Amino acid sequence: MPRKGMRTVSFSSMTTPSPSLSLSHHASPSRVASPISAMDEAMIVQAESMIVKWNPETTTFAKFTSLFNENRREAKDFLKCVSYLQKYMHFLHDDSSRTSEKLVPAQNLMQIAMKRLQKEFYQILSANRDHLDPESVSVRSSRSARSSTSDFDDSDGRPEDEIRIAGDSISEVEHVSTIAMDDLRSIAECMISTGYGKECSNIYKIIRKSIIDEGIYRLGVERLSYSRVNKMDSEALELKIKNWLDAVKIAVKTLFTGERILCDHVFAASDTMKESCFAEISSEGATHLFNFPELVAKSKRSRDMMFRALDLYAAISDHWPDIESIFSFESTSAVRSQALNSLVKLAETVRISLSEFESTIQKDSSKTLVPGGGIHSLTLSVMNELTLLADYATILSDLIADWTPSERSPLPDSYFNNFDSDESPAPVICVRFAWFILVLLCKLDGKSKQYKDVSLSYLFLANNLQYVVSKVRASNLKYLLGDDWISKHEAKVRQFAAKYELLGWTKVYSSVPENPTAVMTPEEVKDRFKKFNSAFDQAYQKQSTWIVTDSKLRDEIKLSISKKLLPAYGELYDTHRVTMDGQRDIAMVVRFAPENIENYLSDLFYGTLTTVTSSTSSSSSSTSRRSGLSWRSR
């Protein structure tokens with residue numbers, strides 16, 4: 001086993017130092033005949049002088065002064081002295097005749113040098129906590145490619161000059177962090193090469209771990225137990241989740257990324273030490289960070305937490321490439337495993353929540369009729385949830401890739417025509433959303449049968465399906481379900497509306513003769529107007545509190561009724577009203593002028609009752625709702 005100070009040096013590669021790097025005027029560049037001549041005693045004397053000068057235990061100056069801050073040129077020479085001393089110790093170890101005489105003093109001198117470098121390493125780390133914060137380090141790394149060799153090697157380049165040239169493009173903080181990082185790397189390389197890497201890494205671990213722990217704490221990430229998370233009220237947990245979502249971005253992109261960059265740079269000379277340092281510094285904090293989503297997933301929560309579970313899943317999933325890269329070491333596999341465990345638990349939570357969502361729709365047993373055939377609360381809640389879920393379509397497509405409808409037989413096959421094509425099967429996520437809506441529509445179909453008036457039941461279906469279609473059009477659901485789905489369901493809305501009109505207005509339409517201008521006796525005219533009055537009065541009074549929530553659908557229905565009713569009634573009125581002139585009860589017989597009918601129709605489907613009056617009263621109800629439905633202008 002090689003001794004400390006005698007590692008990683010090949011005797012065959014030893015050469016006499018260049019005159020420009022010599023610490024003694026007695027060195028001769030021509031003495032390269034043998035390994036013995038290469039070890040100039042005068043240079044070792046000068047090395048001893050340099051090391052002793054900076055012995056922190058001999059002088060107050062050396063104890064309280066930082067070598068690397070005081071004189072960077074001398075710091076560079078100090079590291080070279082250590083390198084020469086190491087080579088000398090290898091030579092002594094190989095020359096058994098001199099081992100007992102000079103090796104022990106050389107080892108003592110090496111220990112003094114290592115104590116100095118340990119002190120410098122500690123001072124640089126401690127004094128530059130602000131400049132070596134992960135954010136500064138990560139920014140520096142993103143702006144410049146990292147050097148593969150130390151700035152304190154035996155090249156002729158001057159790092160200070162290089163930094164000064166680049167000074168216009170980097171901030172002062174980056175300038176200071178660059179110098180500190182390169183100093184730490186040079187010291188680490190020197191200590192590792194002389195067998196003191198453990199002492200160096202121990203200092204690094206203590207200081208840098210405290211920075212990671214402090215960073216996690218400042219991000220508001222607490223160490224929480226399952227029982228504590230499970231007992232939190234929804235509002236408190238919501239705040240914790242929001243904070244975590246913000247924290248994980250900074251932790252991954254800045255805190256751990258910056259620390260990995262710094263660790264890789266400082267310990268570039270040793271892959272083993274690089275790995276052990278980063279693992280010990282970051283593993284605890286990172287595992288703690290990625291454990292929180294798993295705790296949330298395991299807690300007993302309402303279905304509302306599904307969206308937060310999706311947010312947590314998305315956060316980890318989006319950062320997974322960085323997590324895998326930053327914690328790529330075998331010794332940090334626990335961090336990757338924890339992140340994956342959280343993803344698995346969150347995915348399970350989402351799947352369970354989706355099943356519960358479907359079950360909630362199917363099990364809805366409310367018997368309360370919506371006044372006027374308006375939008376059912378189940379429709380509102382389901383479509384609100386589906387529009388929100390559609391925003392997570394990319395994530396959900398991974399989570400429900402193996403889903404199939406649980407009970408297909410009770411549902412019409414026609415609903416699946418768009419999604420079961422053998423030629424081009426639709427993605428599972430599209431089928432799943434279509435299934436949710438199908439379950440809702442089937443439930444609404446059952447609820448429509450609770451209305452005693454069949455025409456109102458069709459108006460209820462038209463209203464609710466129109467709301468579903470409008471929510472699909474206005475959200476990401478339109479990309480999942482497609483234009484063909486929308487077109488087919490819009491046609492279904494028109495079918496429901498047509499059936500409502502057929503059942504609700506056929507009696508009124510039939511009260512007007514097929515040929516309104518045909519010759520009729522006064523009694524026949526009187527009978528026709530009375531039938532119309534009765535039919536219209538009955539239809540209007542019954543439907544005056546009904547509602548059509550969608551303005552476009554409302555206008556389409558009213559326009560369709562107007563086109564069928566007003567022209568025929570207008571001809572009847574214009575042709576035969578004169579027949580009734582002079583009769584005492586004309587106001588009771590001819591109650592409605594065409595303009596009155598038009599105004600009454602304009603007032604329909606707002607859910608408010610308007611009293612029917614005769615044509616002799618003021619020109620009728622609110623003209624503000626006419627919506628351009630005049631039959632005469634069409």
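Is L503 buried, partly exposed or exposed? L503 counts as partly exposed, at 46% relative accessibility. The legends below describe close-up views of a predicted model.

**Figure 1. A nonpolar surface patch includes L503.** V454, L502 and L503 make up this patch on the surface. Together the three residues have about 280 Å² of accessible area. L503 belongs to helix α20, residues 477–510.

**Figure 2. The chain is built from helices, without strands.** Its secondary structure comprises 24 helices and zero strands. Of the 634 residues in the chain, 49% are buried. The accessible surface is about 30,400 Å². Carbon and sulfur atoms account for 51% of that surface. Among contacts between residues at least 6 apart in sequence, 79% join residues at least 24 apart.

**Figure 3. Helix α24 is largely enclosed by the rest of the structure.** The helix spans residues 594–602, and eight of its nine residues are buried, so the rest of the structure largely encloses it. The buried residues are P594, N596, I597, E598, N599, Y600, L601 and S602. Their cover includes α20, α21 (522–543) and α22 (551–576). Y600 also belongs to an aromatic cluster.

**Figure 4. Aromatic rings pair in the predicted model.** The count comes to 25 aromatic pairs. F121 and Y204 form a tilted pair, 6.4 Å centre to centre, with 45° between the planes. This pair links distant parts of the chain. F121 is in helix α6 (residues 96–127) and Y204 in helix α10 (residues 197–218), 83 residues apart. F121 is buried, at 0% relative accessible area. Y204 is buried too, with a relative accessible area of 0%. Y451 and F460 form another tilted pair, 5.3 Å centre to centre and 50° between the planes. Both Y451 and F460 are buried.

**Figure 5. An arginine lies over an aromatic face.** R260 sits over the face of F278. The distance from the ring centre is 5.7 Å.

**Figure 6. Q111 and I51 lie 9.9 Å apart in space, C-alpha to C-alpha.** In sequence, the two residues are 60 residues apart. Q111 is placed in helix α6. Its relative accessible area is 40%, so Q111 is partly exposed.

**Figure 7. A salt bridge joins E214 and R218 within helix α10.** Salt bridges in the model number 29. The side chains of E214 and R218 meet at 2.7 Å, N to O. The two residues are four apart, about one turn of the helix. E214 counts as partly exposed, at 30% relative accessibility. R218 counts as exposed, at 66%.

**Figure 8. E284 and R223 tie together parts that are 61 residues apart in sequence.** Their side chains meet in a salt bridge of 3.1 Å, N to O. E284 lies in helix α13 (residues 271–298), whereas R223 lies in the loop between α10 and α11 (226–231). E284 is partly exposed, at 42% relative accessibility. R223 is exposed, at 58%.

**Figure 9. D364 and K447 form a salt bridge.** The closest N and O atoms are 2.7 Å apart. The pair links distant parts of the chain, 83 residues apart. D364 is in the loop between α15 (333–363) and α16 (377–390), and K447 is in helix α18 (residues 428–448). K447 is buried, with a relative accessible area of 6%.

How values were computed:
Residues are numbered from 1 along each chain as its sequence is written. This is a predicted model: local features need pLDDT of at least 70, side-chain atom pairs count only at pLDDT 80 or more; totals for chains, interfaces and linings use all residues. Side-chain values use heavy atoms; hydrogens and water are left out. Rings of Phe, Tyr and Trp (its six-membered ring) pair if their centres lie within 6.5 Å; planes under 30 degrees apart count as stacked, over 60 as edge-to-face and the rest as tilted. Buried means under 20% relative accessible area, exposed over 50%, partly exposed in between (1.4 Å probe, protein chains only). A charge sits over a ring if NZ of Lys or CZ of Arg is within 6 Å of the ring centre and within 35 degrees of the ring normal. Patches are made of residues with over 30% relative accessible area and no salt bridge: like charges are joined within 9 Å, nonpolar side chains (Val, Leu, Ile, Met, Phe, Trp, Tyr) within 5 Å. Accessible areas come from the Shrake-Rupley method with a 1.4 Å probe; for residues, only the protein chains shown count as cover. A salt bridge is a side-chain nitrogen of Lys or Arg within 4 Å of a carboxyl oxygen of Asp or Glu. Contact means heavy atoms within 4.5 Å.
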